[in-house]
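Here is a briefing on one protein model. It is meant to be read with the sequence and the structure side by side.

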Amino acid sequence: MTVTALPDTKAPKRGWYKRNEIAITPWLFLAPALLFFAVYVIIPIFQSFSISLYDWDGLGEAEYVGLRNYSELMTDRAFEVSLWNNLKWLLFYLLAIPAGLFIALFLNQTVAGIRIYKSLFFFPFVLSQVVVGLVFAWFYLPNEGLLSNMLGWFGFDPINVLGDPTLATYGIIAAGLWPQTAYCMILYLTGLNAVDPEQVEAARLDGAKGWKMLWYVIVPQLKPATFIAFVVTIIGALRSFDLISIMTNGGPFGQTRVLSFYMFEKALSEYGFRMGYGAAIAVVLFLIMLLFIAYFLWSMYQDDKGAR
C-alpha cells in the first residue's frame, strides 16, 4: 500500500504591509495633511522660539541676545497696552457664545419664514473681515455715520467712536462680534440637530421647562459645539488683526493695538524690522493661546473620563 503525500496547503507568507494594511492605510491618507501641518505650523512655532533669541532685521546677520527681547517686553508700554487690549477682546468676544446659542434656539423652530431669518443671521459669517471693518468704520463716522444720526434722533450729540482712545477698542470688538456671533450660531444649530428628543420628552414629563430644560437637558448635550465655539472664539480674539488694521490702524495714539498687530508693527512694518522682538511677541501670544486651549482640552478629557 502506497501513501501519497498531501500537497502543502500552507498559506504563502505575507509581506509586512499586507499584515499591517488596516492600521497603515488611514495614516497614508493623513500623511499629506500631517506634512503640511508640520511644515507650515509646527516648524514655524519652533523657528519663532529660536528667532526670539536674536536681534535680527530679517536680512543681515543675526546677533544672539538670549532673553533680552523678553526682558524688554516687560518695560514696553506699547506691549502692555496691547496685552490689556487682548484681554478685553477675550472677555467681550466670549459674549458671542451665549448670543449665538440664543439665536440658534430662536431659529431652531418650524415657523413660517424661518429660512429667511436663518439667511439674515447667517449673512455676516460669509462677509470678509475687511468688508465688516469698512461697514462699521462708516457706521461709526462722527457726522455722517448711522450711529451719530441715530443718537441725534434721541437728542444726543454725535460721538467719534474710533477717534476716542477710550471707546475705539470697544467699537472694534463690537464689529468683530457681529460675524463671530453668526459663526457660533451655526455651530449651535448643528448641535441642536443632534439633541436626543427622548431626553427632552422625558424631562418634560418630569416637569422641566424653560431655563431648567435649557440648562440641565439641552446645554449638556451641546458640549461638543460649545467646546469648538470656545476654542474658535478665543483664537479669533487673540489673533484679531484685520479689523484693527482696517478701522484704526492701531490708533488713536496706539490705543487699539493688540499683540498680533504690535508684532506686525515691530517685525514687518516701516517702524520696525526687528524680527527677534516681533518673534518674542508671537511667542507670548502663542503661549496665551496654548494655555486656554490646553485648559479646555483638559476639561473635555475630564468630562469624558467621568462619563465612563
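Which glycine follows H10, and is its phi positive or negative? Glycine 207 follows H10, and its phi is positive, near 95°. This is a predicted model, in which local features need pLDDT of at least 70 and side-chain atom pairs count only at pLDDT 80 or more, while totals for chains, interfaces and linings use all residues. Residues are numbered from 1 along each chain as its sequence is written, and side-chain values use heavy atoms, with hydrogens and water left out.

**Helix H10 and its ends**

- Helices here are DSSP runs of H or I with at least four residues, strands are runs of E with at least two, and both are numbered from the N terminus.
- Helix H10 covers residues 197-205, and aspartate 196 caps its N-terminal end.
- A side-chain oxygen of aspartate 196 lies 3.1 Å from the backbone nitrogen of glutamate 198.
- Such a polar contact is a pair of N or O atoms within 3.5 Å; within protein, one must be able to donate a hydrogen and the other to accept it, and residues adjacent in sequence count only if both atoms are side-chain atoms.

**The largest pocket**

- A pocket is an open set of points on a 1 Å grid over the protein atoms alone, with protein on both sides within 12 Å along at least five of seven lines; a cavity is a set where a 1.4 Å probe fits but cannot get out; lining residues have an atom within 4 Å of a point.
- Grid points are joined across faces, edges and corners, and a volume is the space filled by probe spheres set on the points.
- The volume of the largest pocket is about 740 Å³.
- Its lining has 24 residues, with Ile45, Ser48, Met263, Ala282 and Phe286 nearest the centre.
- Helix H2 (21-51), helix H14 (259-267) and helix H15 (275-307) each give two or more residues to this lining.
- H15 gives the most, with ten residues.
- By class, the lining of the largest pocket has 20 nonpolar, three polar and one charged residue.
- Nonpolar means Ala, Val, Leu, Ile, Met, Phe, Trp, Tyr, Cys and Pro; charged means Asp, Glu, Lys and Arg; the others, Gly among them, count as polar.

**The second largest pocket**

- This pocket holds about 410 Å³ of space.
- It is lined by 19 residues, and Tyr188, Val219, Lys223, Thr226 and Phe230 are the closest to its centre.
- Helix H5 (96-107), helix H11 (211-221), helix H12 (223-238) and H15 each supply at least two lining residues.
- H15 has the largest share here, five residues.
- The lining of the second largest pocket divides into 15 nonpolar, two polar and two charged residues.

**The cavity**

- The whole structure has one cavity of 30 Å³ or more.
- The largest cavity has about 30 Å³ of space.
- Residues including Tyr54, Asp55, Arg68, Arg274 and Tyr277 line the largest cavity.
- H15 gives the most to this lining, with three residues.
- Arginine 274 also lies over the face of tyrosine 277, 4.4 Å from the ring centre.
- A charge sits over a ring if NZ of Lys or CZ of Arg is within 6 Å of the ring centre and within 35 degrees of the ring normal.

**Aromatic pairs**

- The whole structure has 15 aromatic pairs.
- Rings of Phe, Tyr and Trp (its six-membered ring) pair if their centres lie within 6.5 Å; planes under 30 degrees apart are stacked, over 60 edge-to-face and the rest tilted.
- Phenylalanine 92 and tyrosine 170 have ring centres 5.6 Å apart and planes at 90°, so this pair is edge-to-face.
- Phenylalanine 92 is in helix H4 and tyrosine 170 in helix H9, so the pair ties together parts that are 78 residues apart in sequence.
- Phe136, Phe139, Tyr140 and Trp178 form one aromatic cluster.

**The loop between H13 and H14**

- Glycine 251 and proline 252 are joined by a cis peptide bond, with omega about -5°.
- Proline 252 is in the loop between helix H13 (242-247) and H14.
- Asparagine 249 lies in this loop too, and has a positive phi of about 55° although it is not a glycine.
- Phenylalanine 253 has a positive phi of about 60°.
- Phenylalanine 253 is exposed, at 74% relative accessible area (buried is under 20%, exposed over 50%, partly exposed in between, with a 1.4 Å probe and protein chains only).
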